[in-house]
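Dear colleague,

Please find below the structure I promised to pass on.

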Amino acid sequence: MASYDLVIIGSGPAGYVCAIRAAQLGMKVAVVEKRATYGGTCLNVGCIPSKALLYASEMFEEAGHGLEKLGVKVNTPKLDLKAMMAHKDGTVKSNVDGVAYLFKKNKIDGIQGTGKIVAPGKVEVTPESGDAQTLEAKSIVIATGSDSTRLPGIEIDEKKVVTSTGALELTKVPAKLIVVGAGVIGLELGSVWARLGSEVTVVEFLDRILPGMDGEVAKQFQRLLQKQGFTFKLGSKVTGVDTSGKTSKVTVEPAKGGDAETLDADVVLVAIGRVPYTEGLGLKEVGVELDERGRVKTDAHYKTSVDGIYAIGDVIVGPMLAHKGEEEGVALAELLAGQAGHVNYDAIPGVVYTSPEVASVGKTEEELKEAGVEYAVGKFPFTANGRARAMNKTDGFVKILADKTTDRVLGAHIVGPVAGELIAELTVLIEFGGSSEDLARVCHAHPTLSEAVKEAALGVDKRSLHI
């Protein structure tokens, strides 16, 4: 029986980063992965391939509609979907190969097969073919990630009715795409196919898009998507999909009750969220407790109800974000090594990689109001930013929320070009407990998009210079 200091089930961002940090700290580590390649959902069928298609489709859109305004005349671009998908597949391969290289470099044993905890300190690994083997471990980490939430009564075939996985593998552009769910995944993948020619309709049960994000940001972003051709049916639910005909018939009803309508769709994308992947891991049998939403219960140090068994990433409470899982992986490895691993959950950014991008960190206005916190708001539009004008990318704004008494920045929200990059400065500020005044006093290069961040910080004290 092979023996390790640490056995991790799952090689997604939480699992593989935990493995690398543990190996750096001198532990003997094995990672069990049921896929043929490492990297989990994120690298194989999630974050990485979707960003490859988002960028490629954005370039297609820019060539067709954006370059002429900049004085660059080109013939009408032609879509080579096969080549675009090859770019996506190549991006995935380079990333998953990179994880395999990091395992080798750090002397981590990657073991292919389905992992199951058969007892505290013991993980059974069953490969697709051949005999199962049992690994012995001082500590076991559950890092199995999440799976797409299914819509009751709707069968997924990954052809006509797809999850995000199938939406990344379509062989032709659907004339009509219905997206069920107005969250991050639905809007990102809807954007890809809208740019490539699909007529996109988004059906959302709630009366708003991007639940959990700042309300003002969501409203402006919805208007921008509508300008791009999106149709939204908010406060609505899909109650059935008939795939028997050439096109699917999608039954949509008001969420609060009322008359149903039928919509035609070539492809239906179900993107109503994700659920923790905990099936078949032997958790119930060994006594690992789950919460009411199927997540693994842990304490502040990621320990489950069973000694020696830990959990990180999408299987535990918190936002299902790859970078949140990575930070937990590092923190847990350091804790197991006797160090002071820690994650600041008030400084976890979230990004929607559409065009323009949407990024957020810390509290929303709604959360501050609900908590009774008095706050000041600083806002600055990209229409007033010189670099954004030069790039012809003036949609959106930066918004900073600071405590009215102490001026400490509590939240920041951006709609605009490269918002996912710009949010990093505000994440650092929140991590260090900085104030809007701290940021406002920092010299920013001119002309840059980041000047809009500084101007929003100045705006908290109502002294923005360029509006």
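Predicted model: local features only at pLDDT ≥ 70, side-chain atom pairs only at ≥ 80, totals over all residues.

Val217 counts as buried because its relative accessibility is 2%, where buried means under 20% relative accessible area, exposed over 50% and partly exposed in between, with a 1.4 Å probe and protein chains only. Residues are numbered from 1 along each chain as its sequence is written, and side-chain values use heavy atoms, with hydrogens and water left out.

Val217 belongs to helix H7, residues 215–227; helices (H or I, at least four residues) and strands (E, at least two) are DSSP runs numbered from the N terminus. Neighbours within four places in sequence aside, Val217 is in contact with Val358, Phe397, His413 and Val415, contact meaning heavy atoms within 4.5 Å. Although Val217 and Phe397 are 180 residues apart along the chain, their C-alpha atoms are separated by 8.7 Å.

Next, the aromatic rings. A search of the whole structure finds two aromatic pairs, for which rings of Phe, Tyr and Trp (its six-membered ring) must have centres within 6.5 Å, with planes under 30 degrees apart counted as stacked, over 60 as edge-to-face and the rest as tilted. The pair of Tyr38 and Phe103 is tilted, because the ring centres are 4.8 Å apart and the planes stand at 55°. This pair links distant parts of the chain, 65 residues apart, with Tyr38 in the loop between strand E2 (29–33) and helix H2 (40–45) and Phe103 in helix H4 (residues 81–105); both Tyr38 and Phe103 are buried. The rings of Phe230 and Phe232 have centres 5.9 Å apart and planes at 20°, so that pair is stacked. Phe230 counts as buried at 4% relative accessibility, as does Phe232 at 13%.

Finally, Glu204, which is found in strand E10 (residues 199–204), is buried yet has no salt bridge, the nearest side chain of opposite charge being Arg208, 8.1 Å away. For this, Lys and Arg count as positive and Asp and Glu as negative, with His and the chain ends not counted, and a salt bridge is a side-chain nitrogen of Lys or Arg within 4 Å of a carboxyl oxygen of Asp or Glu. A polar atom of the Glu204 side chain does lie 2.9 Å from the backbone nitrogen of Leu206.

Note on methods: Polar contact = N/O pair within 3.5 Å; in protein donor to acceptor, adjacent residues only side chain to side chain.
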